[in-house]
Amino acid sequence: LFVTCLCDLFFPEVGESTVRLLRRLGVEVTFPAGQTCCGQPAYNTGYTAEARDVARALIEAFDREAPGLPVVAPSGSCAAMVRHHYPRLFAGDPEWSARAAAFAERVYELSEFIVHVLGRTDLGARYRGVATFHRSCHMARGLGLVEEPLALLRAVEGLDVVDLPHAGECCGFGGTFAVKMAGLSTAMVDAKVRAVEETGAELLVGCDLGCLMHIAGRLRRLGSPVRVLHLAQLLDEATRPARRTA
């Protein structure tokens, strides 16, 4: 498990849901304690050397404590950083370029791992409600993952999944963009909130905690009753044994 910074520091319950869900699917989960940030905040802000140092630490932790194992992250954004930008970070360094490329091949976003590695979409899940799905930019555009989380959601018995209008539009988070361009970021998230409310859904589900934190914060400030969940949380709730026998 590559838990990612936002999950570790702000949303540990998502990490716990990820572990419970994977274990129910027959996966033995290990957690390399030496893991660090993927380096994306530094990289996106132009601190390439610092991002490279962090990336080395992350690769070394997983190579040392979980050699050869698939690396699963509940974050499309962090998975995209590793897969697409690590090889670029180490261009010109033969040793680390090879290590970065090998590590990138091991990294999977959670829904990608469940659908393409485990070969599962129907998890025997049950959850009554109406949900819509937020398509995060890095996951959809960086990894090309759009249908995988939707396939998992649509297979949940009792869950009505409704399309989100303008699904391809950014929510306005963008990491430090939300801090540096607060006014524009707020306008973008307000548009996203209007789209969510237009669906009539009671649940907003997504796969990137930065986006979900941003949208949930705005929903709360506007007094909206919409509940925001990471995909791992919904699938965890929907596959609990007591729920399945209800």
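Predicted model: local features only at pLDDT ≥ 70, side-chain atom pairs only at ≥ 80, totals over all residues.
Reader: How do I read the names of helices and strands?

Author: Helices (H or I, at least four residues) and strands (E, at least two) are DSSP runs, numbered from the N terminus. Take aspartate 160: this residue lies in strand E4.

Reader: Which strands form the sheet, and in what order?

Author: Two strands pair if DSSP finds at least two bridges between them. Here four strands form an open sheet, ordered E4-E3-E5-E6, with parallel pairing. E4 (157-162) and E6 stand at the edges with a single partner strand each, so one side of each has no neighbour in the sheet. From one strand to the next, the twist averages 35 degrees. Angles like these run from 0 to 180 degrees between N-to-C directions, and axes are lines fitted to C-alpha atoms, for helices over the stretch in contact.

Reader: How many bridges join each pair of strands?

Author: Five bridges join E3 to E4. Three join E3 (residues 126-133) to E5. Four join E5 to E6 (residues 227-230).

Reader: Which residues stand opposite each other?

Author: Now look at E5. Leucine 204 in E5 is the bridge partner of threonine 132. Phenylalanine 133 stands opposite valine 205 in E5. On the E6 side, glycine 206 has histidine 230 as its bridge partner.

Reader: Is strand E5 buried or exposed?

Author: Buried means under 20% relative accessible area, exposed over 50%, and partly exposed in between (1.4 Å probe, protein chains only). Both faces of E5 (residues 203-206) are covered. Leu203 and Val205 are buried on one side, Leu204 and Gly206 on the other.

Reader: And where does aspartate 160 fall, buried, partly exposed or exposed?

Author: Aspartate 160 counts as partly exposed, because its relative accessibility is 42%.

Reader: Which residues does aspartate 160 touch?

Author: Contact means heavy atoms within 4.5 Å. Leaving out residues up to four places away in sequence, aspartate 160 touches Gly129, Val130 and Ala131. Threonine 132 is 28 residues from aspartate 160 in sequence, and 8.4 Å from it in space, C-alpha to C-alpha.

Reader: How do I describe two helices that pack together, such as H5 and H6?

Author: Use the angle. Under 35 degrees counts as roughly parallel, over 145 as roughly antiparallel, 65 to 115 as roughly perpendicular, and the rest as oblique. The axes of H5 (residues 76-89) and H6 (residues 94-106) come within 8 Å and cross at roughly 170 degrees. That makes H5 roughly antiparallel to H6. Val82, Arg83, Tyr86 and Pro87 of H5 meet Ala100, Phe103 and Ala104 of H6.

Reader: What classes of residue make that contact of H5 with H6?

Author: Ala, Val, Leu, Ile, Met, Phe, Trp, Tyr, Cys and Pro count as nonpolar, Asp, Glu, Lys and Arg as charged, and the others, Gly among them, as polar. The contact of H5 with H6 has six nonpolar, no polar and one charged.

Reader: At what angle do H11 and H12 pack?

Author: H11 (residues 182-199) and H12 (residues 209-221) pack at about 80 degrees, with axes 10 Å apart. H11 is therefore roughly perpendicular to H12. The contact includes Val189 and Val193 of H11 and Ile215 and Leu219 of H12. By class, its residues divide into four nonpolar, three polar and three charged.

Reader: How do H2 and H13 cross?

Author: The axes of H2 (residues 12-24) and H13 come within 8 Å and cross at roughly 50 degrees. The two helices are therefore oblique to each other. Among the residues in contact are Val14 and Leu21 of H2, with Ala232 and Leu235 of H13. The contact has four nonpolar, three polar and four charged residues.

Reader: How many residues of H13 are buried?

Author: Eight of its eight residues are buried, so H13 (residues 231-238) is mostly covered.

Note on methods
Residues numbered from 1 in each chain as written. Heavy atoms only, no water.
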